[in-house]
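Please consult the sequence and the model while reading.

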Amino acid sequence: MFKKKRYLRQNKRMKSVVFATLTFMFSMLLACSSDAENPNGGEETETEVDRTGNLLSTGASANDILSNARFDRLLIEIAFVEGFRPSPVTMNAFEEFLRENTFKQNIELTYKELPPTGEESLTLTQIDSLEQANRTAYNTGSTLAIYIFFADAPSDGDDLEEGLVTLGAVFRNTSMVIYERTVRTLANRSLSLLISDVETATLNHEFGHLFGLVNLGTVPINDHEDPDAPFHCSENPCLMRAELQFGTSGKAFVQRKHANDVHSSCSLNGLNLIQTMENRVARGIAAAPGLDPECLRDLESNGGRPSTNN
Ligand SMILES: [Zn+2]
Ligand SMILES: [Zn+2]
C-alpha cells in the first residue's frame with residue numbers, strides 16, 4: 001500500500017515535471033513561430049534567397065547546365081502531386097541523359113510531395129504561381145538549381161477530340177512542367193508503351209529545351225531548326241523533332257505569346273508522340289528517339305560533353 005502511494009506520488013511528480021517541460025517547450029515553440037511571423041524576421045529569410053538567376057528565359061542557362069564553367073553541381077527539385085511521382089526507371093534514364101550530354105557529375109535529385117491542386121486544368125500562369133509558392137531550390141554558389149513540377153491536372157486548352165494533348169512545357173531557364181496525369185492517361189491507353197516510356201521521352205525532350213535546343217540559347221552549327229515549328233529539330237529521327245510537338249497547338253502557342261502571359265517555348269503534343277513511339281516499338285527499336293547528330297553537335301559547341309556516338 002505504502003509502496004503504491006509512493007509510486008503514485010512519484011508518478012504525480014513525474015507528470016508535473018513532464019507537464020512543465022511540455023509547457024516550456026510549447027511556449028518556446030510559440031516564441032519561435034511568432035519570431036518567424038515577425039515581418040522583419042520573416043522577410044530577412046526571404047531576401048536571403050536570390051531568385052534572379054532562376055527567372056531567365058528558357059535556354060538562357062544552356063551553357064551553365066552543359067558545362068562546369070560557372071556551376072559544377074546540379075540540384076534538381078522534383079515536385080510532384082501526391083500519387084503522381086515519376087517512376088524510378090524514368091528518373092534513372094533522365095539522370096543518364098544528363099550525364100551523357102553535360103559535364104555535370106555532381107547531380108542531386110530531391111523529391112517534394114505536394115497536395116492535390118484541386119484544379120481540372122492548369123494554365124502556365126497557375127503553374128508559375130504554384131512554383132513560386134513551393135519551390136525551395138535556387139542557385140547558390142556553384143550549384144545550379146532546376147525545378148520540375150509533375151502536375152495532377154492537364155494543361156489548360158487541351159482537347160482530346162481536336163488532337164490537342166499537352167504532355168509537358170518549359171517556361172523559364174530552370175523551370176518546367178510535366179502533365180503527369182495526361183502522361184499516364186495516354187500511356188495506359190497504349191498497348192505497347194509503358195508509363196516510363198512516355199515520361200522519359202517527355203522529360204528529356206523538355207530538358208533538351210533547357211539545353212538550348214533548337215536555337216533557343218544554343219546556336220545551331222548547321223541550320224536544322226524546323227521553319228514551321230520554332231525551337232524544334234528538322235532531322236529525323238530526333239528527340240527534339242517538331243512532329244513531337246505540334247498538333248493544333250501551334251495556334252495556342254502563338255496566342256499565349258501575344259497575351260504577354262507566361263508562355264511555353266514548347267507544348268509537347270501527346271498524340272503525335274505516342275504514335276511515333278508506338279511505331280518505333282513495332283519496329284523493335286527503343287521507344288523514344290535520342291538526339292540526332294545535329295543536336296548533339298550543337299550541345300558540344302555550347303559546352304556540352306562530346307557524344308560517344310558522334
Ligand atoms: Zn519541344
Ligand atoms: Zn535534332
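Predicted model: local features only at pLDDT ≥ 70, side-chain atom pairs only at ≥ 80, totals over all residues.

Are His205 and His232 buried or exposed? Both His205 and His232 are buried.

## Overall composition

The chain contains 10 helices and 6 strands. It has 310 residues, of which 46% count as buried.

Among contacts in the chain with a separation of 6 or more, 74% are accounted for by residues 24 or more positions apart.

## The site of zinc ion (ligand 1)

Four residues coordinate the zinc ion (ligand 1): His205, His209 and His232, each through NE2, and Cys266 through SG. The distances are 2.0 to 2.1 Å. The arrangement is tetrahedral, because the 4 donor atoms subtend angles of 101 to 118° around the zinc ion (ligand 1). For comparison, the ideal angle for four tetrahedral donors is 109.5 degrees.

Along the sequence, the donor residues of this ion follow the spacing H-x3-H-x22-H-x33-C. His205 belongs to helix 7, whereas His232 lies in the loop between helix 7 and helix 8, so the pair ties together parts 27 residues apart in sequence.

## The site of zinc ion (ligand 2)

The zinc ion (ligand 2) is coordinated by SG of Cys233, Cys238 and Cys295 and by OD of Asp292, at 2.0 to 2.3 Å. Its 4 donor atoms subtend angles of 97 to 117°, which makes this arrangement tetrahedral.

The donors of the zinc ion (ligand 2) are spaced C-x4-C-x53-D-x2-C along the chain. Within this set, Cys238 and Cys295 link distant parts of the chain, 57 residues apart. Cys238 is found in the loop between helix 7 (195-210) and helix 8 (249-258), and Cys295 in helix 10 (residues 293-301). Both Cys238 and Cys295 are buried.

## Packing of helix 4 and helix 7

Helix 7, which holds His205, also packs against helix 4 (residues 88-101). Their axes are 9 Å apart and meet at an angle of about 30°. Because angles under 35 degrees count as roughly parallel, helix 4 is roughly parallel to helix 7. The crossing of the two helices is right-handed.

On the side of helix 4, the contact is made by Val89, Thr90, Met91, Ala93, Phe94, Phe97 and Leu98. Helix 7 contributes Ser196, Glu199, Thr200, Leu203, Asn204 and Phe207.

Definitions and conventions: Residues numbered from 1 in each chain as written. Chains lettered and ligands numbered in written order. Heavy atoms only, no water. Donors = N, O, S within 2.8 Å, 3.2 Å for Na, K, Ca; no water. Tetrahedral: all angles 85-135°; square planar, octahedral: opposite > 155°, others 65-115°. Helix = DSSP H or I, 4+ residues; strand = E, 2+ residues; numbered from the N terminus. Buried < 20%, exposed > 50% of the residue type's maximum accessible area, 1.4 Å probe, protein only. Axes fitted to C-alpha atoms, helices over the stretch in contact; angles between N-to-C directions. Parallel < 35°, antiparallel > 145°, perpendicular 65-115°, else oblique. Left-handed = near helix turned anticlockwise from the far one by under 90°. Contact = heavy atoms within 4.5 Å.
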